[in-house]
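Here are my notes on this one, jotted down as I went through it. Have a look at the structure first, then see if you read it the way I do.

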Amino acid sequence: MHELAVTQSILDISLRHAQKAGAKKITGINLVIGEFASIVDDSVQFYWELYAQGTIAQNAQLHFERIAGEMTCTNCKLSFHPKDTDFSCPDCKSEFVQITKGDEFRVDSIDVE
Amino acid sequence: MTIRVPIVENILNANDHLAVENRSRLESAGVYSINIMASPGAGKTSLIEQTLPRLKDKLRVAVVDGDIATSIDADRAAKAGAQAAIQINTGGDCHLDAVMLRGALEQLDLTQFDLLIVENVGNLVCPASFKLGTHKSILIASIPEGDDKPYKYPGMYRGVDALVINKIDLLPYVSFKMDYFERGVEVLNPGVVTFPLSAKTGEGMDAWTDWLVEQVKCKR
């Protein structure tokens, strides 16, 4: 979707925390991205190589931890991975379900030297 | 030696902070605000055009229009009776963000308005992720788009406070299964307030504008 703005944000957050920790270099950035957050890893990586140049994060590896989407049936409490346009519970067929995983969109940690 | 520094910070934190600032700027001026989102052609500008005359003598309204280029929408809003209409050209960005809205707010004397209508860039994906600081998010779905949109664009349907279903006058001419559409909406956004209407014929418009006036009054 808007990987440019996202990449800028990841860089800002990482640099700010690296500075606080007194780091000389950022070697890795650990991201947690849920399935429903619609972020394309390759695009972020592409922008990263442009944006991070000249900063202490320029050689940092981006690690993407992907969290699969999950819905939970409010009727029988079953958790399941939704299939395309079928949001109903695969077990009891109830249509009352809630999204319980897949919204994650955060910088989890950075590796610094 | 490599050390791991835990962070756990939401990636769009910076935007969210600015959105909070926008909100307090609006609040301190006593302005209620809505963010209207929809795909291109769903009828955002048409809905605003039909809403403004119905709010005349009730509310003082400013409109901020976001588009990649041109001032067509702001011009239409001004013509329809907006007390102020500001165009933001995003220059290619597919959504408005809190920084852009802040720029527009700086151009307005907010004490002169009761309601600010923000018309986002036509897009069913990106605007959902960028908070602006407005009080309510409104999504316009339109009949010709098809009944599968909640399933295809869940992020957008989940985050909104009210749903307008526009162009209901076209229901006899297209295959749109309302119950299939509504089932998708219900899963993503249980109990969301819905306004089926036609900005063209005016059907259903009063329920929408009455709700809007009520929201502004409740806020006061």
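**Notes on sheets, helices and domains**

1. Let me start with a pair of strands in chain A. Strand E3 (residues 70-73) of chain A and E4(A) pair in the antiparallel sense, over 2 bridges. Within that pairing, A:Met71 sits opposite A:Phe80 in E4(A). Bear in mind throughout that this is a predicted model.

2. That pair belongs to an open sheet of 3 strands in chain A, ordered E4-E3-E5 and paired antiparallel. The edges are taken by strand E4 (79-80) and strand E5 (97-101) of chain A; each has a single partner strand, so one side of each has no neighbour in the sheet.

3. The other sheet to look at draws on both chains. It is open, has 4 strands in the order E2(A)-E1(A)-E6(A)-E1(B), and its pairing is mixed. At its edges you'll find strand E2 (61-67) of chain A and strand E1 (3-10) of chain B, each pairing on one side only. On average, neighbouring strands here are turned by 20° against each other, if you ignore direction.

4. Now for what lies on the two-chain sheet. Helix H1 (residues 3-20) of chain A lies across E1 and strand E6 (105-112) of chain A, together with E1 of chain B. The helix runs at about 40° to E6(A).

5. On to helix packing in chain B. Helix H1 (residues 13-28) and helix H4 (residues 98-105) of chain B have axes that come within 8 Å and cross at roughly 25°. With an angle under 35 degrees counting as roughly parallel, that makes H1(B) roughly parallel to H4(B). The crossing is left-handed.

6. Which residues make this contact? From H1(B) come B:Asn15, B:Leu18, B:Ala19, B:Asn22 and B:Arg25, and they meet B:Ala98, B:Val99, B:Leu101, B:Arg102 and B:Leu105 in H4(B). Sorted by class, the contact of H1(B) with H4(B) has 6 nonpolar, 2 polar and 2 charged residues.

7. Helix H2 (residues 44-55) and helix H8 (residues 205-219) of chain B have axes that come within 10 Å and cross at roughly 65°. Here the crossing is right-handed. B:Gln50, B:Thr51, B:Arg54 and B:Leu55 in H2(B) meet B:Met205, B:Thr209 and B:Val213 in H8(B). The residues of this contact divide into 3 nonpolar, 3 polar and 1 charged.

8. Last, the domains. The domain assignment of chain B gives domain 1 (44-134) and domain 2 (140-220), and 19 Å separate their centres, taken over C-alpha atoms. Between them, 14 residues of domain 1 of chain B are in contact with 14 residues of domain 2 of chain B. What supplies the largest share of the domain 1 side? That is H2(B), with 7 residues. By class, the side of domain 1 that touches domain 2 has 7 nonpolar, 3 polar and 4 charged residues.

Notes:
Residues numbered from 1 in each chain as written. Chains lettered and ligands numbered in written order. Predicted model: local features only at pLDDT ≥ 70, side-chain atom pairs only at ≥ 80, totals over all residues. Axes fitted to C-alpha atoms, helices over the stretch in contact; angles between N-to-C directions. Parallel < 35°, antiparallel > 145°, perpendicular 65-115°, else oblique. Left-handed = near helix turned anticlockwise from the far one by under 90°. Contact = placed C-beta atoms within 7 Å. Nonpolar A, V, L, I, M, F, W, Y, C, P; charged D, E, K, R; others polar. Domains from an automatic or database assignment. Pairing = 2+ DSSP bridges.
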